[in-house]
Amino acid sequence: MLKENTAEYKLEPGEALGTAKPQDKKEEYLSQIINRLNEVFVTDQLTDKDMVNYAYTIRYKVGENILVMKQIENNSPEQALLGDFSKAIDDAIMDCSEAHQNQMMQLLGDPSKAANFARIVFDLLVQGQARNR
């Protein structure tokens with residue numbers, strides 16, 4: 001929380017940070033996903049959120065593949081995994097990497113774009129805080 005009546009603004013941490021335990025099915029599911037991601041990635045420089053966000057990015061990209069989504073919808077998991085899913089995952093990983101590289105280069109190459117993007121992220125953070133109140 002910012003203290004405006006002090007000589008300088010100070011950020012104070014929230015209470016009970018990091019003490020949450022899975023309270024519902026969604027949190028329990030997310031905890032299981034994080035455990036599985038920890039088995040996949042060397043996590044030295046990755047946070048749980050880094051891994052989950054990446055998995056969701058790839059999920060959304062694969063979700064754009066109509067053929068794969070029809071195969072998932074109309075087959076057992078075992079059958080769907082034998083279809084076009086494997087290639088779709090590879091394509092999504094490459095496509096997302098190229099897209100993020102493109103975005104990074106645009107931001108690093110243009111301070112105006114970087115400032116505009118920073119403001120978008122800031123506004124998203126503020127909006128997220130407002131929803132949590």
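This is a predicted model: local features need pLDDT of at least 70, side-chain atom pairs count only at pLDDT 80 or more; totals for chains, interfaces and linings use all residues.
**View 1. The largest pocket and its lining.**
Here we look into the largest pocket, which holds about 820 Å³ of space. It is lined by 18 residues, and those closest to its centre are Tyr 29, Ile 33, Ala 55, Arg 59 and Phe 85. Four helices each put at least two residues into the lining: H1 (25-40), H2 (48-63), H3 (66-74) and H5 (85-109). The top contributor is H2, with 7 residues. Sorted by class, the lining of this pocket comes out as 15 nonpolar, 1 polar and 2 charged residues.

**View 2. Helix H1 against helix H2.**
On the H1 side, the contact is made by Leu 30, Ile 34, Leu 37 and Asn 38, while H2 brings Asp 48, Met 51, Val 52 and Ala 55. That makes 6 nonpolar, 1 polar and 1 charged residues in the contact of H1 with H2. Keep an eye on Ala 55: besides touching H1 from its place in H2, Ala 55 is listed among the residues closest to the pocket centre.

**View 3. Helix H5 against helix H6.**
Now for H5 and H6 (residues 111-131), which pack with their axes 5 Å apart and at an angle of about 115°. This pair of helices is therefore roughly perpendicular too. From H5, Gln 106, Leu 107 and Gly 109 meet Pro 111, Lys 113, Ala 114 and Phe 117 in H6. By class, this H5 and H6 contact has 4 nonpolar, 2 polar and 1 charged residues.

**View 4. The ring pair of Phe 41 and Tyr 54.**
The whole structure has 2 aromatic pairs, and this close-up shows Phe 41 with Tyr 54. Their ring centres are 6.3 Å apart and the planes stand at 80°, so the pair is edge-to-face. Phe 41 belongs to the loop between H1 and H2, and Tyr 54 to helix H2. With 13 residues separating them, the pair links distant parts of the chain.

Conventions
Residues are numbered from 1 along each chain as its sequence is written. Side-chain values use heavy atoms; hydrogens and water are left out. On a 1 Å grid over the protein atoms alone, a cavity is a set of points where a 1.4 Å probe fits but cannot get out, and a pocket is an open set with protein on both sides within 12 Å along at least five of seven lines; lining residues have an atom within 4 Å of a point. Grid points are joined across faces, edges and corners, and a volume is the space filled by probe spheres set on the points. Ala, Val, Leu, Ile, Met, Phe, Trp, Tyr, Cys and Pro count as nonpolar, Asp, Glu, Lys and Arg as charged, and the others, Gly among them, as polar. Axes are lines fitted to C-alpha atoms, for helices over the stretch in contact, and angles run from 0 to 180 degrees between N-to-C directions. Angles under 35 degrees count as roughly parallel, over 145 as roughly antiparallel, 65 to 115 as roughly perpendicular and the rest as oblique. Contact means heavy atoms within 4.5 Å. Rings of Phe, Tyr and Trp (its six-membered ring) pair if their centres lie within 6.5 Å; planes under 30 degrees apart count as stacked, over 60 as edge-to-face and the rest as tilted.
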